[in-house]
Amino acid sequence: MANLSDYTQINIENFFSMEGELPFSVYIRLSEGKYTKIFKPGDKIDRTRFESYHEKGVEALYIHKDERREYIAATERLVKKIANNDNITGDDAKRAIEELTEQTIFEIYEDKVFDEHSVRRASEVVNKYIDLMKKDIRSLVGFISMSRKESYMCRHSIATSVFGILLARADKQSNEKVLTIIGLSGLLHDIGMSQLPEGIDDLDRKLTEDEWKLIRKHPEISAKMALETKGFPTEVGAVLRQHHENWDGSGYPAGIKREEIFYPARVISIADSFSALTTRRGGRALYAPQDALALMETESGKYDPKLLKIFRGLLIPDKKSNSAA
Ligand SMILES: [Fe+2]
Ligand SMILES: [Fe+2]
C-alpha cells in the first residue's frame, strides 16, 4: 500500500494551462500501485500532449510526493498568471485556484508541513476568494462543493473560509483587511488538529475524556503554530485561538464571552459549525442546510445573535421583509 501515499493524483486538466518547462516529473498509472514516468523535469510543457492523453480517456496523472512542493509552486505561478482580476471567473482560473487551495490544505493536514510558504499560498487563495466575492459571488459559492479531494479537512476548511467571507459581507463588512483575516482564518483554523494523533477526531466512536482534553487543545496549538510561522498575521493567530469560544462564555480555551471575542472569531465560529454540519465526511449522514441552521439555533447561546440572524438571512432570504439590500 506504500504506493498510495507516494503518488498524488492530479486531475489532468490542471496541466493544460501550465507553460514553460516542467519543474517535476509526471507519471501515469498503469495498474494498482504501478506508475510510469511520462514527463521528466525540464521537459517543455506541451498542452496538446496532455490533451491527447485526455482524449484517450485519461482523467488523472500523478506526481511523486517528494515533488509536491514543485508542483504547488507551479500551480501558484499559474494562479498569479491567469487568475488576475479580468479573467478570474474563467474555468482555467477557477480550476487553478481550487487546485492551489486543495494542495495547500492537503500538505498541511496530510504531509503535516506548515510554514511561511503555506501562509503565503493560503493568503493568495483568500485574495482570489475576495476578488470573486466582488465580481461573481456564484463562483465563490461554487468552491464550497467543488472540492474533489477525499479529504474532509480540505472541504471543511474551504467551506469555513467561504461561509465566513459571505457572512462578513452580509454584515456589510467591507474592510479588506478584516475580510482577509476571516478568509485566512477559515482556511487555517484547525491546523492544530494536524498535530494530534491520527484518527482522534473519528466520529464513529465515543471519545474518551483524555481524547476530549486533547481535542480541546487544538485552538491553542493552531495559534502557537501560526505565531511561530514567519509571515503569519497575528490577528489570524487570535482567531485560531478563539474559534471555539462561545458568545455565552461556555466555549474554550479561555471561556471569554460576547464582544470579548474578536469579531472575526465570532464570524468563523458560525461558519465553522455550519461547515462541520454540512460537509460530507466518511459515511456520516449530513445535515441539510436548513436542518444545520435549525440545530445551531437551538444552541443559539453559543453564537453572536446578530451574526446568526444575518447568517439565517443569507441562507434563507426572507422575501417579505427583504426591503432594499
Ligand atoms: Fe476547530
Ligand atoms: Fe473546524
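**Entry 1: α12 against α13**

I looked up which residues bring α12 and α13 together, and found that S273, F274, L277 and T278 in α12 meet P289, A292, L295 and M296 in α13, a contact being two residues whose C-beta atoms, placed from the backbone, lie within 7 Å. I sorted the residues of this contact into 6 nonpolar, 2 polar and no charged, where Ala, Val, Leu, Ile, Met, Phe, Trp, Tyr, Cys and Pro count as nonpolar, Asp, Glu, Lys and Arg as charged, and the others, Gly among them, as polar.

I note here that this is a predicted model, in which local features need pLDDT of at least 70 and side-chain atom pairs count only at pLDDT 80 or more, while totals for chains, interfaces and linings use all residues. Residues are numbered from 1 along each chain as its sequence is written, and chains are lettered from A and ligands numbered from 1 in the order in which they are written.

For the geometry, I found that the axes of α12 and helix α13 (residues 289-298) come within 9 Å and cross at roughly 130 degrees; axes are lines fitted to C-alpha atoms, for helices over the stretch in contact, and angles run from 0 to 180 degrees between N-to-C directions. That angle makes α12 oblique to α13, since angles under 35 degrees count as roughly parallel, over 145 as roughly antiparallel, 65 to 115 as roughly perpendicular and the rest as oblique. I also recorded that α12 passes α13 in a right-handed crossing, meaning that the near helix is turned clockwise from the far one by less than a right angle.

**Entry 2: α7 against α14**

I then turned to α7 and helix α14 (residues 305-315), whose axes are 9 Å apart and which pack at an angle of about 105 degrees, so α7 and α14 are roughly perpendicular to each other. On the α7 side the contact is made by L166, L167 and A170, and on the α14 side by L307, I310, F311, G313 and L314; I counted these as 7 nonpolar, 1 polar and no charged.

**Entry 3: α8 and its surroundings**

I checked helix α8 (residues 176-188), whose 13 residues reach 18 Å from the first C-alpha to the last, close to the 18 Å expected at 1.5 Å a residue. I found 10 of the 13 residues of α8 buried, so α8 is largely enclosed by the rest of the structure; buried means that 20 or more other C-beta atoms lie within 10 Å of a residue's own, exposed that 12 or fewer do, and partly exposed in between. Among the buried residues of α8 are L179, I181, G183 and L188, and what covers the buried residues includes α4 (91-109), α5 (116-135), α7 (152-170), α11 (234-242) and α12 (263-278).

**Entry 4: E107**

In helix α4 I looked up E107, which is buried, with 22 other C-beta atoms within 10 Å. Not counting residues up to four places away in sequence, E107 touches R68, I72, V113 and S118.

**Entry 5: backbone details in the loops**

In the loop between α11 and α12 I located P253, which is joined to Y252 by a cis peptide bond with omega of about 5 degrees. The loop between α11 and α12 also holds R258, a residue other than glycine with a positive phi, near 45 degrees; with 12 C-beta neighbours inside 10 Å, R258 counts as exposed. I found K172 in the loop between α7 and α8, with phi near 65 degrees, again positive in a residue other than glycine, and with 8 C-beta neighbours inside 10 Å K172 counts as exposed.

Definitions and conventions
Helix = DSSP H or I, 4+ residues; strand = E, 2+ residues; numbered from the N terminus. Expected span 1.5 Å × (residues − 1).
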